[in-house]
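Subject: Structure for you to look at

Hello,

Here is the structure we talked about. Please open it beside this email and read the notes below it.

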Amino acid sequence: MDSSVAPVMMIDANQKRLPAGEKRPSKGGWNAAIFVIFVEMAERFAFYGLAGNLITYLTNNLGEPTATAAKSVNTWVGVSSIFPILGAIIADSFLGRFNTILLSSIIYFLGMVLLSLSVSVVPTEHRRAVFYTALYILAVGEGGHKPCVQTFAADQFDEDNPDEKAAKSSFFNWWYLAIVFGASTAILVVIYLQDHVSWTAGFGVLAGVLAVSLALFLMGIKRYRKQSPTGSPFTRMFQVFVAAARKWRVSEIPGGRICYEDHDGRSQSPCQTGGRSLVRTNQLRCLDKAMIIDDNDASSKTRNPWRLCSLNQVEEVKLVLRLIPIWLGCLMYCAVIVQIHTFFTKQGSTMIRSVGPHFQVPPAALQSVIGFTILVAVPIYDRILIPIARKVTGHPSGITMLQRIGVGLFLSILMMVAAALVEAKRVSIAKEHGIIDSPKATVPMSIWWLLPQYIICGIADAFTIVGLQELFYDQVPEVMRSVGAAAYISIVGIGSFVNTAIISIVQNISSRHGKAWLGNNLNRAHLDYFYWVLAGLSAVNLCVYLGIAKGFVYKRVECDDTEEEKGLNSNIYLDEQI
C-alpha cells in the first residue's frame, strides 16, 4: 500500500507509538483496574457464598439425596461456566465489554434478590421451583460477567506502553489474589450466617454486597478505557476455513505471493499501531492456502474475504485451534476440584468440628483454607519462586504458562490421593466405634484431618487456574479476548459435567456389583474408592497433557522478535504486498 496515506507516527518517552499531536490517554492503568477488581471480588464473594454451601441446603432443606444434590451442584456450576461463551460473543460482537458487565451485574443482583425471597417469603410448596429459577437467573448473569470483567480490567493496561505492559505481567497474579480474598471471606462469613443464623440472612448479605459492587463499578466510569465491539470474530475464522477449502488444490510455490492486507485495505506492517503482525508458523499448513494469491485473486480489483485471507487472519485461526487440545487436557483437573463444593463438604459434616466449648466449624468453611493457601502461595510464587526460576531457565516468566499449568495438574493427583487416604481412615474409625450404620453420628475424628487435601488444592489452583487465565488471555487473538476468557471459564463448566458423568458411571457400575459407592450413608459408602478413581484418571490425563504441551507453539508477534529473527522470517516467508 502507498505509505503516504499512513498516519504520521511519533514515539514518546515511554516508547509508545502515538499519532502526531495526540497526548497520552489519562484513562486506564491501575487507577481504573482497581474498580473492576472490587467488582469481581464482590461477584466471587456472592458466588462462593452460594456455591460453597449449596449442597447443604439441597440435602438438608430441600431433601435431595447426596448423589443427586452433588449432580445438581455440578450441573449449576457447569451451566454457569458455559453461558460465558454466549456472553463473550455478545460482548465482542454487539454490546462491548463495559455494557455487558453492567447489564449482567444487574441481572446477577436481581437473581440474588429472588434467591433470598425463595428461602423466606415464598410458600414451601413453590420454594424448590423458585429457588432453582433464581439459581439459573444467576447463571445468566454469570454468563455476561465472567468473560468480560477480567479482560476489561486487563484492557486498562496498554501493551504498547512498557510500564503498563510490565504491570500487566503481574496483574493476573494479583487479580486472582483479590478474588480469592473475596471468596474466602464469603466462605467464612456467609456460610457461618447460613448455618447459625438463617439462609435468608446469608443470601441477603450476598445481595447487599452485589448492590454495593454495582455502585462502585459506576463510580469508575470516567476512568475506564472502553473498546467498541468489533463484530463477530467467528466470521473471520469461518472465512479462513472457506478460503482454504476453495483453494485445496492450490499449492504454494517458492517466490509466490501471499496476502498481508486486512479486509479493510490496511497493510499489516510490523509493530503498527492498532494491529500487531503475527509471525507465520509451520503448524496447520493446510490453512495457509487461504492466504495464497492465485491468478483469480491477482486479476480481481477487490479482495473477496471468503476467497483470500490475510496472514494475520490465518494465524489467528491457528492460535484458537492450538488452544483446543490444552482446553481438553485440563477438563479432568476441573472435574477433580469441584469435589470441594460437594463430597469434601459432606465428609467434613460427619467429623468432629468443635473449636472450644461453644463453637462448631461449618463443614463448608474449610474451603476458606484454599483461599488462604492461595493468598500465601501467589506472593511467594511471584516474588520468590519466579526470580529464582528466571535465573535458572532464563525465561522472562521463570517458567512457561504450560509448565505452570502442568505443575497444578500433578498436584491435583496428590490432592485426590490425600483425600482417599483420609476417607479410608475416617471409615475405619467409624467401624472401630460401631457407628458405621449411624450416618448422623459424629465420627470421633477431627475435621482438621481434611486440611492436607484443601491446602494441596489451593497450591494447585495457584498454578493451574492462574496459568489458564493468562494462557487464554495471552494466546488468543486480541479481538477474541472475551471469548478466550469464556473458553477458560468453560473448562470449569465442562469439567463439572465430566464429574457428573463420572459419578453416574461409578454409581451404575458399583450398584451392579454390590452396593453403590456414593450412598447417603458415607460410613457405608466407598467415597475413598471414588477418590482413587479420580486420582487414576488424573494421572492418565497428565500424561496426555504433557504430550500436548510438548508440541504447543506460543504466539509470536513481529515487533517482539529480534532483528535477526525478523530478517530470517522475511527471507523465508515475506513477499511483496498488494
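Which helices each supply at least two residues of the lining of the second largest cavity? They are H1, helix H4 (97-118) and helix H7 (199-219). Helices here are DSSP runs (H or I, at least four residues), numbered from the N terminus.

The model is predicted, so local features need pLDDT of at least 70 and side-chain atom pairs count only at pLDDT 80 or more, while totals for chains, interfaces and linings use all residues. Residues are numbered from 1 along each chain as its sequence is written, and side-chain values use heavy atoms, with hydrogens and water left out.

Cavities

A cavity is a set of points, on a 1 Å grid over the protein atoms alone, where a 1.4 Å probe fits but cannot get out; lining residues have an atom within 4 Å of a point. Grid points are joined across faces, edges and corners, and a volume is the space filled by probe spheres set on the points. The whole structure has 3 cavities of 30 Å³ or more.

The largest cavity holds about 590 Å³ of space. It is lined by 30 residues, and the closest to its centre are Arg-44, Tyr-48, Tyr-176, Ile-465 and Tyr-488. H6 gives the largest share of this lining, 7 residues.

The second largest cavity has a volume of about 80 Å³. Its lining includes Val-39, Glu-43 and His-145, and the largest share, 4 residues, comes from H7.

Salt bridges

A salt bridge is a side-chain nitrogen of Lys or Arg within 4 Å of a carboxyl oxygen of Asp or Glu. The structure holds 13 of them. Arg-44 and Glu-43 form one, at 2.7 Å from N to O, and both residues are buried. Buried means under 20% relative accessible area, exposed means over 50%, and partly exposed is in between (1.4 Å probe, protein chains only). Arg-44 and Glu-43 also belong to a network of salt bridges with Glu-40, Glu-142 and Lys-146.

Another salt bridge joins Glu-64 and Arg-128 at 3.1 Å, N to O. This pair links distant parts of the chain, 64 residues apart: Glu-64 is in the loop between helix H2 (54-60) and helix H3 (66-95), and Arg-128 is in helix H5 (residues 124-154). Glu-64 counts as buried because its relative accessibility is 11%, whereas Arg-128 counts as partly exposed because its value is 36%.

Regards

Definitions and conventions
1 Å grid on protein atoms, 1.4 Å probe; cavity = no way out; pocket = protein on both sides within 12 Å on 5 of 7 lines; lining within 4 Å.
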